[in-house]
Amino acid sequence: MTKQIRVGEVRVTPIAFRDPPLLNVAGVHEPWALRSIIEVITEDGRVGLGESYGDLETLADLAACAAILPGLDPFDLNGLRRRVSQTLSGHDEDPAVIPPSGTRRVNVSFGAFEVAMLDLQAQAAGIPLHALLGGAVRDRVPYSAYLFYKFARHHGDPGYPTDSWGEVLSHAQMVDETRRMIGAYGFGSIKLKGGVFEPDYEIETLRALRTAFPDHPLRIDPNGGWSVATTLRVLPQLDGLLEYLEDPTGTLAEMGEVAKHASMPLATNMVTVEFGHIPETLRLNAVQVILSDHHYWGGLRASQNLAALGRVFGLGISMHSNSHLGISLAAMTHMGATLPNLTYAADTHYPWQEDEVIQGGKLRFEGGCLALPAGPGLGVTLDRVALASLHANYLACGIRRRDDGTEMRKHVPDWQGGGPRF
Ligand code: GKR
Ligand code: MG
């Protein structure tokens with residue numbers, strides 16, 4: 001007879017870590033990126049880990065859910081879903097509502113705790129997380145070089161040394177950035193974060209990258225910063241250049257319009273972000289690749305379900321990323337290893353992060369891939385000194401919600417965001 005395990009205590013610790021001045025359609029990254037570190041501790045002292053967003057709204061949701069988790073069996077994921085749903089929306093989810101809608105808040109909090117519960121389950125079984133998730137179909141998960149235009153330094157003194165990447169605004173500087181990132185980590189494909197400059201300029205950057213890296217598949221992601229008219233105008237210039245075009249426009253209907261004319265697949269982490277969006281996505285044939293993200297799709301098993309749907313409906317699958325640390329990367333890697341149809345190298349911001357919250361420091365890419373963390377469970381352990389120091393950063397930095405636009409106006413006072421910028 002196995003001993004019943006129960007959740008005893010749940011801790012959610014907001015942290016802030018150093019982030020370089022990376023540019024995107026919404027402005028520029030602030031000096032500190034926010035995150036939350038989740039610890040689900042069983043009555044017998046085992047610790048399951050999770051990592052999620054660190055904005056005030058998510059922290060409030062996580063705190064509300066944390067309060068009602070003690071007593072739960074870490075194997076009872078349906079019980080977790082019920083408790084999270086009741087806490088955040090006041091009722092159970094109704095399976096008769098088809099397609100499901102408006103589940104993002106529930107998905108985010110559920111996903112954060114689900115990873116920690118799965119970590120506990122796998123630890124209890126003495127197996128790595130990927131084994132619990134059905135077994136690895138690959139022993140290394142491929143990631144892509146995620147390139148950003150960037151300023152040399154933050155506005156004002158962030159209280160830590162300037163990053164070593166320097167300014168990256170010209171095509172030549174971007175080629176140098178790429179050479180350094182690929183040289184250090186061996187990535188086999190390239191994603192350019194767009195939506196910063198006029199599309200024609202960013203396409204020239206892509207051409208420079210194509211010349212410098214003739215064998216690396218290329219992607220560009222303007223985060224919905226292009227209008228349909230602009231996208232249709234520049235599409236011919238992108239013919240034969242891209243493995244996929246990510247979120248050129250900002251709505252499902254617009255992506256459907258662009259898809260009618262695009263020779264390359266369209267990808268998204270912006271317009272198809274819940275299971276309830278899939279019927280309309282298919283009806284419009286709006287995207288051909290979905291970038292899954294366990295932080296908002298509702299955890300690792302939901303991401304596997306998404307990949308299974310991708311297989312049924314012929315959608316490519318990859319992974320989306322925000323600024324994150326090693327607990328998220330470990331979870332992405334365990335899950336990614338179990339997907340037979342991880343059709344593209346996954347995104348990760350990880351190379352841009354210097355801080356870490358796990359023991360042993362940064363996880364290491366080799367040949368553009370991350371080897372599966374050794375188990376049991378997630379295979380990573382909290383560095384409590386680092387956690388305390390990153391929490392102290394959070395308390396001191398004053399940032400409580402990401403606001404790239406306000407940060408950008410410190411550099412360029414008349415900078416305008418909003419709408420499709422181009
Ligand atoms: O961190 O600047 C950024 C990215 O633009 C991020 O916010 C996006 O969510 O990486 C993401 C994406 O692929 O859209
Ligand atoms: Mg994207």
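The model is predicted, so local features are given only at pLDDT of at least 70 and side-chain atom pairs only at pLDDT 80 or more, while totals for chains, interfaces and linings use all residues. Residues count from 1 along each chain as its sequence is written, chains are lettered from A and ligands numbered from 1 in the order in which they are written, and side-chain values use heavy atoms, with hydrogens and water left out.

Take the metal first. The magnesium ion (ligand 2) is held by Asp221 (OD), Glu246 (OE) and Asn269 (OD1) at 1.9 to 2.2 Å. Donors here are N, O and S atoms within 2.8 Å of the metal (3.2 Å for Na, K and Ca), and with water not among the atoms, sites may look incomplete. Along the chain, these donors are spaced as D-x24-E-x22-N. Glu246 sits in strand S10 (residues 244–246) and Asn269 in the loop between strand S11 (266–268) and helix H9 (278–284), so the pair links parts that are 23 residues apart in sequence. Helices (H or I, at least four residues) and strands (E, at least two) are DSSP runs, numbered from the N terminus. Both Glu246 and Asn269 are buried, where buried means under 20% relative accessible area, exposed means over 50%, and partly exposed is in between (1.4 Å probe, protein chains only).

In S9 (residues 218–221), Asp221 is the bridge partner of Lys193. S8 and S9 pair in the parallel sense over four bridges; strands count as paired if DSSP finds at least two bridges between them.

Now for the charges. Side chains of opposite charge can pair when their charged atoms come close. With a salt bridge taken as a side-chain nitrogen of Lys or Arg within 4 Å of a carboxyl oxygen of Asp or Glu, the count comes to 21. One of them joins Arg18 and Asp355 (2.6 Å, N to O). Arg18 lies in strand S1 (residues 7–18) and Asp355 in the loop between helix H12 (326–337) and strand S14 (365–366), so this pair ties together parts 337 residues apart in sequence. Arg18 is partly exposed at 24%, whereas Asp355 is buried at 11%. In another, Arg283 meets Glu280 at 2.9 Å, both in helix H9 and three residues apart, about one turn of the helix. Arg283 is exposed at 61% relative accessibility, and Glu280 is partly exposed at 32%. Salt bridges that share partners also join Lys191, Lys193, Arg219, Asp221, Glu243, Glu246 and Asp347 into one network.

Val141 is buried, at 0% relative accessible area. Beyond its neighbours within four places in sequence, Val141 has contacts (heavy atoms within 4.5 Å) that include Thr333, Leu342 and Cys369.
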